[in-house]
Amino acid sequence: MNGSGSTTRSRQSARGALTTLVTWVLVLVFFFPVFWMVLNGFKPESLASSVNPTFIFKPVTEGYQLAMDRGMAGYLQNSLTAAVIATIISVALAIPAAYALSIRRVKNVENSLSFFISTRFMPLAAIVLPLFMIFKTVGLLDNIYMLAIVYGAMNLPVTVWMMRSFFLEVPYEIIEAARVDGAGMFREIVRIVLPLVLPGVAAAALISFIFAWNEYFLALLLTSSAARTTPPFLGSFVDGRGQFLAVLSAAATIAALPVIIAGWAAQKQLVRGLSMGAIK
Amino acid sequence: MTTTTTTSQPSELEDVRASTATDKRRVQRTELWRNRGLLLPAVIFLILLTQIPFLTTIGFSLTKWNLLYPNDRAFAGFDNYTSALTSGDLWPSIRATVLITAFSVTLAVLFGLLFAVLLDRPFRGRALARTLMITPFLIMPAAASLIWKYSMFDTNIGMLNWVFRSLHLPVVAWSTEHPMATVVIVLTWQFTPFMMLILLAGLQGQDKGILEAAQVDGAGTWRTFTWITLPHLRMYIEIGVLLGSVIILQVFDPIAILTKGTGGTKTLAYLLYERAFIGLDVGQAAAYGVVTVVLTIIVATIALKSVFKVFMAGGSR
């Protein structure tokens, strides 16, 4: 009895170890393109673009220097401006809206929520032509602030839904107590509710930043040079005549890094943002 | 004297009662407007930047308007739609959009489920494995497509072809020989973490007691999974599929970077881009924009329903 128990146990642990091994192999294969990108960014160009891959080499920052020499800083600056302003806009507008949709309970909450979600599902392709024409007519094409405002609208529905899911978790008794104490609505939001939902606001802001930073379609169409952001700029590292994989990898690493760090930091809240608050 | 005071008392009371009632109503009305005031800025902002532009797109789509001939602009009725159908651009594009979405979402759900199950069980370094796994979703999509195109798919320096060569298999020119697969691989890679996160949340929300009871009753791992875990995950799979579909239906970046719409990968978003910004045909492009919305509405209607079901069940006060 004892003996057979320990053999099944050891068989189980052997199976567990095997599953763990398979898990790691799969995860590493899946992660490989990212690893390869980072590695190639630190190679001299001749090594990065060689037919046979090199894994061990003396790292150099050539690729990064070249990326910066091509003026990447300006594009990163534009991306940052667009993403930060878009985040401020969507958070500033979403806080009162989410508050009204959770704690205040406006009439027809469902209708308002459908309005927001249907806007989220509106393809960018369906709105880009008029925006392009209007911006062109008033001379605001290739203007980073206009792109930021459009991104703000793009992110607002997600921010509202996500924040609402956090606001709903605020215990009603706390709000009632504040109201009994005669706190006005503004004070109720700023002093009572916001401190409690701060992690939610931060997560919503992060999600909004990620979407704006990574956006390509609108950036390609609504900007051309002065306001061009990083995603459409990356393609310019592709050189039809020479080798470019090291510099492209370095540039891609720089471009992807802010969001990767933000996403890793917000891992726990990520699923909530992606499901618009539906899954906690 | 006494009689007059006694008769006047009730009427005074009524007066007071009546005035508090109107006060209450007034308070309620100001309350209502205050709540609307909280909501209005967000709603107005969205109407200005999304609803009005969309209505304008519909207007454009009913117009004959090519930027090459700016003076030849006129109402065209449904001409742009009929020519979309007859020119033979529309159906292949709808087909490409639907196929790319269907393949990528299905594969991402399957891989996402696999990784969710593997990363749900405790093992050494699980947190690190999860962190690595979510990275493909976080990478800037334009960067991801470029990296895949040159460091993975390339016929000379791509890693996939290096593996093929090492195994003495013929080299594959991915983006020209298998354009659809190329796009689907990159999208699947990017969206697997998305599905994994959603399904992982589902697995973590599972009642461990039921699983143990099933084990005690002698249900094997596989039967426990198919009979208990999968039905439990259904709701999460639905949310993942529908949110993923709505996003991938709009897909543009990998098409623009990997295939430029060749070989049956010209999605609606890319077709619109080509017509508007290369062909300069605003009217025709707008019609494609409207078709994209119709296609999205079909998917989103289903999406709304199930997301709502979950959301309302978990969060109404």
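How many of the 317 residues of chain B count as buried? The share is 42%. A residue is buried if 20 or more other C-beta atoms lie within 10 Å of its own, exposed if 12 or fewer, and partly exposed in between, with C-beta atoms placed from the backbone.

This is a predicted model, in which local features need pLDDT of at least 70, side-chain atom pairs count only at pLDDT 80 or more, and totals for chains, interfaces and linings use all residues. Residues are numbered from 1 along each chain as its sequence is written, while chains are lettered from A and ligands numbered from 1 in the order in which they are written.

**Figure 1. Chain A is built from 13 helices and zero strands.**
Helices (H or I, at least four residues) and strands (E, at least two) are DSSP runs, numbered from the N terminus. From the N terminus on, the elements read α-α-α-α-α-α-α-α-α-α-α-α-α. The radius of gyration of chain A is 25 Å, well over the 19 Å that the globule rule gives for 280 residues, so chain A is more spread out than a compact globule. That radius is taken over C-alpha atoms, and the rule is 2.2 Å times the number of residues to the power 0.38. Along the principal axes, the C-alpha atoms of chain A fill a box of roughly 85 × 70 × 30 Å. Buried residues account for 50% of the 280 in this chain.

**Figure 2. Chain A meets chain B.**
Here 73 residues of chain A are in contact with 75 residues of chain B. Two residues are in contact if their C-beta atoms, placed from the backbone, lie within 7 Å. On the side of chain A that touches chain B, the largest share comes from helix α1 (residues 2-41) of chain A, with twelve residues. By class, that side has 54 nonpolar, 18 polar and one charged residues. Ala, Val, Leu, Ile, Met, Phe, Trp, Tyr, Cys and Pro count as nonpolar, Asp, Glu, Lys and Arg as charged, and the others, Gly among them, as polar. The predictor gives the complex an ipTM of 0.91 and a pTM of 0.89.

**Figure 3. Helix α12 of chain A bends by about 40 degrees at A:Ala256.**
The bend is the angle between axes fitted to the seven residues ending at a residue and the seven starting there. A proline, A:Pro258, follows within four residues. Helix α12 (residues 245-265) of chain A has 21 residues. From its first C-alpha to its last it reaches 29 Å, close to the 30 Å expected at 1.5 Å a residue. The expected span is 1.5 Å times one less than the number of residues. Of the 21 residues of α12(A), 15 are buried, so the helix is largely enclosed by the rest of the structure.

**Figure 4. A:Asp142 has a positive phi of about 60 degrees although it is not a glycine.**
Most residues other than glycine have a negative phi. A:Asp142 sits in the loop between α6 (128-137) and α7 (144-167) of chain A. It counts as partly exposed, with 16 C-beta neighbours inside 10 Å.

**Figure 5. B:Leu280 also has a positive phi, of about 60 degrees, although it is not a glycine.**
Its place is the loop between α12 (268-278) and α13 of chain B. With 15 C-beta neighbours inside 10 Å, B:Leu280 counts as partly exposed.

**Figure 6. B:Tyr288 lies in helix α13 (residues 282-315) of chain B.**
B:Tyr288 counts as buried because it has 30 C-beta neighbours inside 10 Å. Not counting residues up to four places away in sequence, B:Tyr288 touches B:Ala84, B:Leu268, B:Leu271, B:Leu272 and B:Arg275. B:Gly202 is 86 residues away in sequence and 37 Å away in space, C-alpha to C-alpha.

**Figure 7. B:Asp120 belongs to helix α3 (residues 90-120) of chain B.**
B:Asp120 counts as partly exposed, having 17 C-beta neighbours inside 10 Å. B:Asp120 and B:Leu200 are 80 residues apart in sequence, yet 6.7 Å apart in space, C-alpha to C-alpha. Leaving aside neighbours within four places in sequence, B:Asp120 is in contact with B:Leu200 and B:Leu203.

**Figure 8. Over residues 1-10 of chain B the pLDDT is below 50.**
The pLDDT is the predictor's confidence in each residue, from 0 to 100. Beyond near neighbours in sequence, this stretch has zero contacts in the model. Where pLDDT is low, the predicted coordinates should not be read in detail. Chain B averages a pLDDT of 86, and 88% of the residues score at least 70.
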